[in-house]
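Please keep the sequence and the three-dimensional view at hand while reading.

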Amino acid sequence: MKEGKAMGASLEDRFDVAIVGSGIVGLGAAYAAVRRGLRVVVVDRTERPVGATIRNFGHLCIGAQDGAARRYGEASRSIWLRLAADAGFWARESGTLVVARAEDELALLEEAAHAEAARGASGIRLLTAAEITAQAPVRAEVARGGAHVAGDLQVNPREAAGAIVRHLAARGVEFRFRTSVAAVRTGLVQTTRGDIAASDVVVAVNHDLDQLLPEVAERAGVIRCALDMMRVSAELRLPLPAPLLTGWSLVRYRRFAELGTASALRERLYAERPELAALDLNQMYTQLPDGTLLLGDSHHRAVQPDPFQPEAAFDAYLAEAEALFDIRGIRIRERWQGVYAAASGEFLVEEVAPRVLALAATTGIGMTTGLGLAEIETSRVFGWGGGAAGAASASGPAVVAVPAGPAGAAGSAALHASAGSIGGETTAAEGGTAQEEDA
Ligand SMILES: Cc1cc2nc3c(=O)[nH]c(=O)nc-3n(C[C@H](O)[C@H](O)[C@H](O)COP(=O)(O)OP(=O)(O)OC[C@H]3O[C@@H](n4cnc5c(N)ncnc54)[C@H](O)[C@@H]3O)c2cc1C
């Protein structure tokens, strides 16, 4: 991997595709392009991926999505599994566990399971209190029941992006790290190490869209959402076999949050625990392969959030973990802040100039959806088609959500992936209201 050329390298660098950003969205675009035999360069100002893509829970939460996010998520699922096998990183088909600690949480899970069954699907399976405590180290005295959401995956975000970079580099993708992009336009990427010529340009810079393409970001209302996270070691009665969500998650995840009983649950949680509501808490957990637990998370939205992390959030994470789990000897290993792009729609998909495509997940579901978003939208906008090497036949119709803008104006060809198949037609639709799913 090169770190970049000397200033003034001018137009001697020519590629089919130049991608700005080496997070999961940029890597997804690079993977889509290289599988089609295109010559690809990825430019990132950091020395390796260190953005939101390595700072999250690694929870690929597909079953709780709806609409475009569900379709991008399902496309992502098969790409994640293929990449994990090919690039050699840890991924497990764990599904997701949800613990209900009150009757209204159980009622919401039941409503979701019935809605799922009414669709003819069986993705949400209700669990008794005995079943959830047998599967996860939650305290018997707090568990009222729970659910298992099928189809979801878990990866270790700290290793996945690096492994994908190495895999793509081995397939011929050129990475230029420690190289900032100052401007993009049709056919050209201007970097701090000289210009790059490329037929197609993808901008996948997450919340920093407001620095590279300020008008686009402002029009779409993109701001930042900052989250406090913690990693601890501890003795648990059992390992956590899947990401674990709580009632605080249910009121955020669209599949659950839009159901009839969700409003009353939200009101009850917010009234009973105003200090947690003030953190905009999503109480959830994942366990990394080394046994440590990720605890989170809070949400603070602003154009430029403060870098200062209030200790109240970390105190709450520790107290809530002790109340929920059979756990001993908690030791804090790390704290960090992660930031993602936030807007009123779930995704930003815009062809900002001919053959210059800006892509972002504008809520906290980029790990779940980013690979599919990149696969589907690069193909649709650039007309790369479904003939990707390693991809198979066309599947059914898909609807993608895009904000108002040139790329979203009309339906056109797109890819829709399900396990082992990529291809199909798509029509454009309005993006939904943002949900926060990291979430
Ligand atoms: C704490 C936290 C927990 C989360 N948990 C989950 C979860 O469990 N599941 C889930 O689905 N999602 C989760 N998310 C959301 C998810 O992590 C993000 O949506 C996703 O990683 C965004 O990917 P990205 O590629 O757009 O951005 P990033 O990974 O941030 O990558 C953007 C890259 O662009 C580069 N860049 C920016 N500007 C320039 C420039 N001018 N020149 C060169 N390079 C530039 C940056 O250096 C960076 O490497 C979470 C997010 C956070 C913060």
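## Overview of the chain

The structure described here is a predicted model. The chain contains 14 helices and 25 strands. Of its 439 residues, 54% count as buried.

Among contacts between residues at least 6 apart in sequence, 77% join residues at least 24 apart.

## Helix α1 and its packing on α6

Helix α1 covers residues 24-35. It has 12 residues and spans 16 Å from its first C-alpha to its last, close to the 16 Å expected at 1.5 Å a residue. The helix is mostly covered, with 11 of its 12 residues buried. The buried residues are I24, V25, G26, L27, G28, A29, A30, Y31, A32, A33 and V34. After α1 comes G37, which has a positive phi near 80 degrees.

Two packed helices are described by the angle between their axes and the distance between the axes. For α1 and helix α6 (residues 157-170), the angle is about 25 degrees and the axes are 11 Å apart. Angles under 35 degrees count as roughly parallel, and α1 and α6 are therefore roughly parallel to each other. The crossing of α1 past α6 is left-handed. On the α1 side, the contact is made by I24, L27, A30, Y31 and V34, and on the α6 side by A161, I164, V165 and L168. By class, this contact of α1 with α6 consists of 9 nonpolar residues, with no polar and no charged ones.

## Helix α4 against helix α11

The residues that make the contact are D104, E105 and L108 of α4, together with A262, A264, L265 and R268 of α11. The contact of α4 with α11 divides into 4 nonpolar, no polar and 3 charged residues.

## Helix α3

Helix α3 (residues 67-87) has 21 residues. From its first C-alpha to its last it reaches 29 Å, close to the 30 Å expected at 1.5 Å a residue. Just after α3, G88 adopts a positive phi of about 75 degrees.

A234 lies in strand β13, which runs over residues 223-236. This residue counts as buried because it has 21 C-beta neighbours inside 10 Å. A234 and I330 are 96 residues apart along the chain, yet their C-alpha atoms are separated by 4.4 Å. Leaving aside neighbours within four places in sequence, A234 is in contact with L293, I327, R328, G329, I330 and R331.

Y285 belongs to strand β15. With 27 C-beta neighbours inside 10 Å, Y285 counts as buried. Between Y285 and L245, the separation is 40 residues in sequence and 6.7 Å in space, C-alpha to C-alpha. Residues up to four places away in sequence not being counted, Y285 touches L240, P243, L244, L293, L294 and L295.

## Backbone features in the loops

Most residues other than glycine have a negative phi, and most peptide bonds are trans.

R178 is not a glycine, yet it has a positive phi of about 50 degrees. R178 sits in the loop between β9 (174-176) and β10 (181-185), and it counts as partly exposed because it has 14 C-beta neighbours inside 10 Å. D280, also a residue other than glycine, has a positive phi near 55 degrees. D280 is placed in the loop between α12 (274-278) and β15 (284-287). With 17 C-beta neighbours inside 10 Å, D280 counts as partly exposed. Finally, G296 and D297 are joined by a cis peptide bond, with omega about -20 degrees. D297 is in the loop between β16 (293-296) and β17 (300-302).

Note on methods:
Residues numbered from 1 in each chain as written. Predicted model: local features only at pLDDT ≥ 70, side-chain atom pairs only at ≥ 80, totals over all residues. Axes fitted to C-alpha atoms, helices over the stretch in contact; angles between N-to-C directions. Helix = DSSP H or I, 4+ residues; strand = E, 2+ residues; numbered from the N terminus. Parallel < 35°, antiparallel > 145°, perpendicular 65-115°, else oblique. Left-handed = near helix turned anticlockwise from the far one by under 90°. Contact = placed C-beta atoms within 7 Å. Nonpolar A, V, L, I, M, F, W, Y, C, P; charged D, E, K, R; others polar. Buried ≥ 20, exposed ≤ 12 C-beta atoms within 10 Å, placed from the backbone. Expected span 1.5 Å × (residues − 1).
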